[in-house]
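This report goes through a predicted two-chain model.

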Amino acid sequence: MTMTASTPAITAVGLRKSFGDQVVLDGIDLQVAEGTVFALLGPNGAGKTTTVQILSTLIGADGGEMRVAGHDVVKEPDAVRAAIAVTGQFSAVDNLLTGEENLILMADLHHLGRREGRRRAADLLERFDLAEAATKRAVTFSGGMRRRLDLAMGLIGEPRVVFLDEPTTGLDPRSRRTMWQIIRDLVAGGVTIFLTTQYLEEADHLADLIAVLDRGKLVAEGTSAELKRLVPGGHISLQLADPAGLERAARTLGEVSRDDEQLILQVPSDGGVRSLRALLGRLDDESIAVEGLSVHTPDLDDVFLALTGHPDNQKEAVR
Amino acid sequence: MTTLAYTVSDAATMLRRSLRHMLRYPSLTFFVVGIPVVLMLLFVCVFGGTMGAGLGGASSGRAEYLRYVVPGIIVLTVATAAQGTAISIAMDMTEGIISRFRTMAISRASVLTGHVVGSMIQTMLGIAAVIGAALLLGFRPAAGPAGWIGAIGVLAMTALALIWLCVALGMVTKSVEAASNLPMPLMLLPFLGSGFVPTASMPAGMRWFAEHQPFTPIIEALRGLLTGAPVGSSAAVALAWCAGITLFGYLWARALYNRDPVAR
């Protein structure tokens, strides 16, 4: 399959989906250029998985136009399926089969022929560091191995577009690094990646373009650098000794958020040494005793606070 | 390759997967064969003497009852095997692998077809094992080649009907536990028909139910074909029931498979 560079690998216009009276996706527009990594960032329940399920033809949308790899998702689902691979949050491997048998099952379903199927299976086992696991049943695999086998199974048909739904959720840091390297290698080979993640760090490392999904709507879209400009640069958390000190510090420092019970002040800051020194200097000048101090760099909570005006766990709390 | 060739190839791939599952998860196969054999031993060796006396046949007793009960046991085997189908379908559906199949360009029918053909093979092997056990107990069927072919035909039709029904039951449930419980009435029906005692010995209401439920004509047709008793209209009634249940089970299963999977 050939696509011109100007053809986006994935487009969606006005994508809508409700389950019962719960609106999950409320009119989403997406465009992903071929050969790039697109990250859909959002908390649990934002609609990330639903978006992947619709774009990968697993479930139908209520409205909107979607094209993947040059084909209409609704009218030509099989053409889309032939061009994609999907790796879900919960790995879709056959537990009763071995690593190699799982791969050959996929090769057979792609009608690759016996010899070519075995060749690709052996190649993927090697590439994904699964050679040892080839003859073991998948049920005995560790989380990282399952995730790698899961992705390898998708790649046997040489897809042009790969959907990765939270590919590193629940993995240990080493397995996460391995998965990131695999994703980078895929992109180097010209594959388009549609990634969902809860981790800003992951999107930051991998994605060319990041879209932030919140309560079924895209609230921001841009490169990692562009998004970071939207986010205040973290904060410094100060632990005060007594309520009087808290009151004085709050007056001295101006715009802060305070927690009167815990005697904590949060001061916006880029976390740099210079601003830290300046802050401590001002507190010294007023002779305010600080018991403790910690520096917070921006995380997903900050992104959400900045973009939506509510912390990302609010949705979970409302349920 | 043409679309049909792809469909056949995909179904064959899925069948290989199902057969491999049976080898890797043998307890399900043991269960399919084990329950009918244990019930046969119970009914023949423990109850057989008394039950045989009640039949009032020429050589009344254990041997007479064995001759009577084996067709019922064989049909029971089909029901337990179909219950195994519901369990393996539910296991598949609760794991992510079916979602993967749905997002691949493979024939949609192939997933279920692979399961059905695999279950047919499992059921027929189970029936052969149960007949083997019956022969060891002293069962001596009177059927000639035509009788055996007819018996195998009736059993294959019955198996196809119950398997498609259980494919749907395995999909309509949300868990493997529920899938193993839901087909339970199928295992009871041979008891509530002519499987273990003649319907004539039952009280009026029970008897009416026993004579009009699908398992009775199936068991009667099989009994006639195997033991040389008159088959009468039971074969035609049995085949009509099987055709109806197959069609219902197939359409239901297809509708369940084609609907959107419930979002997590």
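## Chain B

Of the 264 residues in chain B, 43% are buried, where buried means that 20 or more other C-beta atoms, placed from the backbone, lie within 10 Å of the residue's own. The model is predicted, so local features need pLDDT of at least 70 and side-chain atom pairs count only at pLDDT 80 or more, while totals for chains, interfaces and linings use all residues. Residues are numbered from 1 along each chain as its sequence is written, and chains are lettered from A and ligands numbered from 1 in the order in which they are written.

Chain B has 12 helices and zero strands; helices (H or I, at least four residues) and strands (E, at least two) are DSSP runs, numbered from the N terminus. The radius of gyration of chain B, taken over C-alpha atoms, is 19 Å, close to the 18 Å given by the globule rule for 264 residues, so chain B is as compact as a globular protein of that length. That rule is 2.2 Å times the number of residues to the power 0.38. Along the principal axes, the C-alpha atoms of chain B fill a box of roughly 65 × 40 × 35 Å.

Two residues are in contact if their C-beta atoms, placed from the backbone, lie within 7 Å. Of the contacts in chain B between residues at least 6 apart in sequence, 78% join residues at least 24 apart.

## The contact between the chains

In chain B, 24 residues are in contact with 27 residues of chain A. On the chain B side, helix H1 (3–24) and helix H5 (97–102) each supply at least two residues. The largest share, eight residues, comes from H1(B).

## The sheet of chain A

Six strands of chain A form an open sheet with mixed pairing, in the order E6-E7-E8-E3-E9-E10; two strands pair if DSSP finds at least two bridges between them. Strands E6 and E10 of chain A stand at the edges with a single partner strand each, so one side of each has no neighbour in the sheet.

| Strand of chain A | Residues |
|---|---|
| E6(A) | 84–87 |
| E10(A) | 217–222 |
| E3(A) | 37–41 |
| E8(A) | 192–197 |

E3(A) and E8(A) pair in the parallel sense over five bridges. Ala39(A) has Leu195(A) as its bridge partner in E8(A).

Definitions and conventions:
Buried ≥ 20, exposed ≤ 12 C-beta atoms within 10 Å, placed from the backbone.
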